[in-house]
Amino acid sequence: MMGTRTFIFGYVFGFDLCALVYGKNTGDVGLLPNIRFQLMGYYFSPHHWMYFLMLVFVTAFLHHKYGFLTENVFRLVLGICVGGFVQGLTYKDWFIVATRL
């Protein structure tokens, strides 16, 4: 039961933190600027949900393979990452990663 509460707390914290840092809606200006770069005639704009999804897999792998974190800390970090991932999917342009110049 405690692990579930820890995960939910992390989820809510991660979701709210990402809404504050990256903006609540598509086009909102958050505290951090968007990362964009040009390559071969395209603008690439990786979204924060992609980073959090990678963190979910890396954290889970390191935890299960090497005992990277204690169980409660793992659930907290996992909740934060899942919350950030889900918050990133709330934007209308969550699927647009590359656009032509």
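Predicted model: local features only at pLDDT ≥ 70, side-chain atom pairs only at ≥ 80, totals over all residues.

Residues are numbered from 1 along each chain as its sequence is written, and side-chain values use heavy atoms, with hydrogens and water left out.

**Exercise 1.** State how many helices and strands the protein chain has, and give their order.

Solution. Helices (H or I, at least four residues) and strands (E, at least two) are DSSP runs, numbered from the N terminus. The protein chain has 3 helices and 3 strands. Read from the N terminus, their order is α-β-β-α-α-β.

**Exercise 2.** Determine whether His48 is buried or exposed, and list what His48 touches.

Solution. First, locate the residue: His48 lies in helix α2, which covers residues 48–66. Next, apply the cut-offs: buried means under 20% relative accessible area, exposed over 50%, and partly exposed in between (1.4 Å probe, protein chains only). His48 has a relative accessible area of 6% and is therefore buried. Finally, take contact as heavy atoms within 4.5 Å. Leaving aside residues up to four places away in sequence, His48 touches Cys18, Tyr22, Gly84, Gln87, Gly88 and Tyr91.

**Exercise 3.** Describe the place of Leu32 and its accessibility.

Solution. Leu32 sits in the loop between α1 (2–22) and β1 (37–39). Its relative accessible area is 45%, so Leu32 is partly exposed. For the protein chain as a whole, buried residues make up 25% of the 101 residues.
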